[in-house]
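Please keep the sequence and the model in view while reading.

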Amino acid sequence: AGNRRFSRDALLNQYGQDSTRDYGISLDLNAKLSGSFSLRSITSYRRFKYEQLGGDWDFGPVDIGQDLNEKYGINSFSQELNGTLELPFLTDGSITSLVGGYYSNETMDYGRSISAASQLGFNWSVALAGALGPALPLFTADAPAIQAALGGNPAAFQALYARQFNIAPGAIGALATPGSPFAHSLFRSTDEVFAAFTHNTVKFNDRFSAVVGLRYSRENKRGRHANALFPGDPNGYFNYILANHAGFGLLGASTSGFEFDARQKGSEFTYNISLQYFPSEDIQIYATHARGFKAGGITLNPDAAGGSPNIGLWLAQPQTQQFLANAAVGDFGAGAPFPGVTAPAAPQFSAGQSPNYAPEQVKSYEVGVKAKYLNGRGRMALTGFIQDYSDIQFSVFTGTAFVTANGPTATTRGFE
């Protein structure tokens, strides 16, 4: 077999196929129309496509997941046209003015389907045993040994569950069904940007200059999510999950969530003002004030517009646990009460959430000095800055995915 000291084997239960196509074209044209005026056109187009079929989504030797199928497609086009004019100013100064416009259009299509493998149900039973206690015996097909250890009354729990969620007894099935998909989401997003801008440098003399920039941007975005397993039927999908993949249902995990068709529109003015002073050829002192923004958008996640009830948290509540413990020695299928103990209200679907997040805005202030020494072989810079943010964007991990959210305000201060 040879020397395998440095071999690295990837142990998967299923080997998928990946393919990537990425190409683009750009065109940069410059025209000097006079000694002081020039035009520039920048055009670009790019297309990206990625496909993965039959992947092992748990990336390990335990047979938890199979048939991870993903497809990405991105098409983008942009066009910029600007003109630059240079004019003399005062005795020994000058003005350089750039004025331009920008347009871009991008479309992204993304699809993902995921299925369970042979050992997902067993792993769910082990993971959920401690949290759910007496509730777990419901899943007779997946956890017989844990059932026996915990005791309990599966029929009683079925009755409780049916009463709380208006689901017929027997509708809850296995923690996972091998070979069966538990999520199939389709996403599409479009992003269209229009912008006009100007950047002007006024040089008063060899020692002092000012820079003023202004930009207007307008963005139109649209994001859509479709549940390909149960289009337009979230309750039908939830019942399907309970019947075939109840492990995800118990935790309200991100599977294929609610469908949405969301739009985000906005426009902003941003600017930059900078003063520069050169006390000598090797030293620059400057001060800058700017207003900027980061565009808002639409979260393209399966549960961005709301998710399934987190039944696991409901079951883990002490009140529910006590109710189920009583059920282990009694029968409340007909609604017989237990003195002093009632089951808490069942959680509801979290529908109606907006997948949108707002633009982030910032005002910044900076002062500093830059210097060269040893005939330009050494450089030094000292800067102090303040940045005030509003509607600051940040990434949040939900337990199954990262989403973008907005905070109120934030301020950063520092020296470097």
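Strands here are DSSP runs (E, at least two residues) numbered from the N terminus, and two of them pair if DSSP finds at least two bridges between them. On that basis, eleven strands form an open sheet in the order S1-S2-S3-S4-S5-S6-S7-S8-S11-S12-S15, with antiparallel pairing. The model is predicted, so that local features need pLDDT of at least 70 and side-chain atom pairs count only at pLDDT 80 or more, whereas totals for chains, interfaces and linings use all residues. Residues are numbered from 1 along each chain as its sequence is written, and side-chain values use heavy atoms, with hydrogens and water left out.

**The sheet**

- The edges of the sheet are formed by strand S1 (17-32) and strand S15 (409-415), each of which pairs on one side only.
- Neighbouring strands of the sheet are turned against each other by 10 degrees on average, direction ignored, where axes are lines fitted to C-alpha atoms and angles run from 0 to 180 degrees between N-to-C directions.
- Strand S2 (residues 37-55) pairs with strand S3 (residues 65-89) in the antiparallel sense over 17 bridges, and Ser44 has Ser78 in S3 as its bridge partner.

**Glu70, a buried acidic residue**

- Glu70, which belongs to strand S3, is buried yet has no salt bridge, and the nearest side chain of opposite charge, that of Arg112, is 5.0 Å away.
- Buried means under 20% relative accessible area, exposed means over 50%, and partly exposed lies in between (1.4 Å probe, protein chains only).
- A salt bridge requires a side-chain nitrogen of Lys or Arg within 4 Å of a carboxyl oxygen of Asp or Glu; for charge, Lys and Arg count as positive and Asp and Glu as negative, while His and the chain ends are not counted.
- The side chain of Glu70 does make a polar contact, at 2.8 Å, with the side chain of Tyr110; such a contact is a pair of N or O atoms within 3.5 Å, of which, within protein, one must be able to donate a hydrogen and the other to accept it, and residues adjacent in sequence count only if both atoms are side-chain atoms.
- Not counting residues up to four places away in sequence, Glu70 touches Tyr50, Glu51, Gln52, Tyr110, Gly111 and Arg112, contact meaning heavy atoms within 4.5 Å.

**Salt bridges**

- Side chains of opposite charge can pair when their charged atoms come close.
- The structure holds eight salt bridges, and one of them joins Asp22 to Arg46, with the closest N and O atoms 2.7 Å apart.
- This pair links distant parts of the chain, since Asp22 lies in strand S1 and Arg46 in strand S2, 24 residues apart.
- Asp22 is partly exposed, with a relative accessible area of 43%, and Arg46 also counts as partly exposed at 43%.
- Glu51 and Lys71 meet through their side chains in a salt bridge (3.7 Å, N to O), which links distant parts of the chain, with Glu51 in strand S2 and Lys71 in strand S3, 20 residues apart.
- Lys71 counts as partly exposed at 46% relative accessibility.
- Asp206 and Lys203 form a salt bridge between their side chains (3.7 Å, N to O); Asp206 counts as exposed at 58% relative accessibility, whereas Lys203 is partly exposed at 34%.

**Lys363 and its surroundings**

- Lys363 lies in strand S11 (residues 360-373) and counts as partly exposed at 39% relative accessibility.
- The C-alpha atoms of Lys363 and Gln387 are separated by 5.7 Å, although these residues are 24 residues apart along the chain.
- Leaving aside neighbours within four places in sequence, Lys363 is in contact with His289, Ala290, Arg291, Ile386, Gln387 and Asp388.

Conventions
Helix = DSSP H or I, 4+ residues; strand = E, 2+ residues; numbered from the N terminus.
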